[in-house]
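Please read the following briefing alongside the sequence and the three-dimensional view.

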Amino acid sequence: MAPIRSTTRSPAVSIYKHDAALDASVGKDGIDYTRVNLLRNTAVAKLYEDALRYEPGTSISSAGALVTSSGKKTGRSPRDKRIVDEETTTEDIWWGPVNTKLSEHAFLINHERAVDYLNTRERLYVFDGFAGWDPKYRLKIRVVCARAYHSLFMHNMLIRPTEEELKTYGEPDFTILNAGAFPANRYTTGMTSSTSVSINFKLRQMVILGTEYAGEMKKGVFTIMHYLMPKAGVLSLHSSANQGLQGDTSLFFGLSGTGKTTLSADPARALIGDDEHVWTDTGVFNIEGGCYAKTIDLSAEKEPEIFGAIRFGSVLENVVFDEDTRIVDYSDKSLTENTRCAYPIEYIPNALIPCIGKHPKNIVMLTCDAQGVLPPVSKLTSAQAMYHFISGYTSKMAGTEDGVVEPEATFSACFGQPFLVLHPTQYATMLAQKIGEHKADVWLINTGWNGGAYGTGKRIALKYSRAIVDAIHNGELKKAEYVTYPIFGLEIPKAVTGVPAEVLNPATAWQGTPQTFNATVSKLAALFNKNFAKYADQATEDVIAAGPKL
Ligand SMILES: Nc1ncnc2c1ncn2[C@@H]1O[C@H](COP(=O)(O)OP(=O)(O)O)[C@@H](O)[C@H]1O
Ligand SMILES: C=C(OP(=O)(O)O)C(=O)O
Ligand SMILES: [Ca+2]
Ligand SMILES: [Mn+2]
């Protein structure tokens, strides 16, 4: 039976209407879908109004973006992530460093806690959207939350349904209950703090408690896809993607803060997506409908596409602005270094819609080396590509995870270890097969330190990384002359247009003594070897041999 919704009418039209499309969900997951003040796929302007009215710390920036506060948590909380151990997942999941088991019962306690919290709010927001541009692999994702900010964030990040698709939406494939303002009960078995992000694949639900960092939702969707896509025979990728005028696709793998979003926003190329993709038998599709850019030190000069995407409808998180002018100070790190903006992909001028590209021609692995000893660019053999993909050497960047305050060297398998659900070699095997089949060229780009380690050297200029990417795309690097970088055995080009030659080789770029340089190279090589030892029993001889030799 359709309930009647009543509300105080504004002089315009009533904004609260009963939505027959939700009737099918009534009684399914504990959420009261029949209530008054349930706002489903609400207009952006209405979400602005609600966020401004009800959520402290919300403002409008001079550019028209919604400035929001995510509260205490301003980055992901990987240590509080859980996956429910049940019969469908127990044999498949890579339990261990990333995926911690949660019992079905403990999940239900968290779930009930979220449901009770959400049902007792004055207003409840539901956003029904899609993950995956390819209809064959598309998932229907429902987000139920108590904050207009969170609903707008996922409106931007998921693929937005048409009015028709919304009417016939039916039951979601996966539901995210975001009760982030409410803590988890620390006495619930398996909880180690009052923050909890848990996924139940059997019930197809994700529950968030004790963190309002919106990135948990988009990376939660990615985690779900990282499980379901390989099971469907296609490869999920923690990468951005763009396409040249000839239709040539490039992928940019990289952990948070290494440059996926920045380097994929390229005026000469069409943007497919900035963070999460899937490589199928027909090409590459984006999982998302939006981008989530880091805004620390953002400037219109250096990153015009991203700067221009910050306008009405965009969600700016944890930034500081001038009280009088409402102009955002992107250099201000006082709330966090992980300041962010979420915007619909079409806010980037040359976005490719639908966000689907051809098989990749170039694959870039972005590493942010805080030691300053990996070359700004090297060309990888297929064995080296596998070695570096499995190793995933890079840095965790300040603010991206709870507790990270400066670049922290890490081996993040597949350049996205926090989001892996299966063992890294499963993704790596699929990648090797696809690279072989489509003959893609693979490059390692260090967007991190040059001339010295973090503290003494400096981060390589963005203009140099862009020049390197251009040289890959215009074919210059494929024809370049190379020298072999000792110990790592990497092939470094002798010259790249727009990049000083001494910068290209870490040995000539180094500002310290040759002794400190050699010691740093050896130290890093040893770390690589130590890390790879855990995969050695599953890797082929040529891949093992592609690592550094001390
Ligand atoms: N050489 C460089 N290459 C890429 N990004 C750089 C470079 N130097 C500084 N940056 C900055 O580092 C950040 C990269 O973040 P982002 O592109 O959002 O990473 P990701 O999308 O991989 O999380 C941006 O703030 C960018 O301005
Ligand atoms: C949202 C995130 O993604 P990325 O930094 O890779 O864009 C994150 O790591 O929290
Ligand atoms: Ca920046
Ligand atoms: Mn990004």
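Is proline 56 buried or exposed? Proline 56 is exposed, because its relative accessible area is 72%, where exposed means over 50%, buried under 20% and partly exposed in between, with a 1.4 Å probe and protein chains only. This is a predicted model, in which local features need pLDDT of at least 70 and side-chain atom pairs count only at pLDDT 80 or more, whereas totals for chains, interfaces and linings use all residues. Residues are numbered from 1 along each chain as its sequence is written, chains are lettered from A and ligands numbered from 1 in the order in which they are written, and side-chain values use heavy atoms, with hydrogens and water left out.

**Two prolines in loops**

- Proline 56 belongs to the loop that runs between helix H1 (44-54) and strand E2 (59-60), helices (H or I, at least four residues) and strands (E, at least two) being DSSP runs numbered from the N terminus.
- From proline 56 to threonine 68 the C-alpha to C-alpha separation is 8.4 Å, and the two are 12 residues apart in sequence.
- Proline 172 is placed in the loop between helix H4 (163-167) and strand E8 (174-179), and it counts as buried because its relative accessible area is 17%.

**The site of ligand 1**

- Ligand 1 is surrounded by 17 residues, the closest being Gly257, Lys260, Thr261, Thr262 and Glu303, where a residue is counted if one of its heavy atoms lies within 4 Å of the molecule.
- Helix H6 (260-264) and helix H10 (462-473) each supply at least two residues of this shell, and H6 gives the most, with 3 residues.
- Polar side-chain atoms lie 2.7 Å from an oxygen atom of ligand 1 in the case of threonine 262 and 3.0 Å from one in the case of arginine 459.
- For glutamate 303, an N or O atom of the side chain is 2.7 Å from an oxygen atom of ligand 1.
- Taken alone, ligand 1 exposes 570 Å², of which the protein buries 92%, with areas from the Shrake-Rupley method and a 1.4 Å probe.

**The calcium ion**

- The protein donors of the calcium ion (ligand 3) are Ile296 (O) and Glu303 (OE), at 2.7 to 2.9 Å from the ion; donors are N, O and S atoms within 2.8 Å of the metal, or 3.2 Å for Na, K and Ca, and sites may look incomplete because water is not among the atoms.
- Isoleucine 296 and glutamate 303 are both buried.

How values were computed: Polar contact = N/O pair within 3.5 Å; in protein donor to acceptor, adjacent residues only side chain to side chain.
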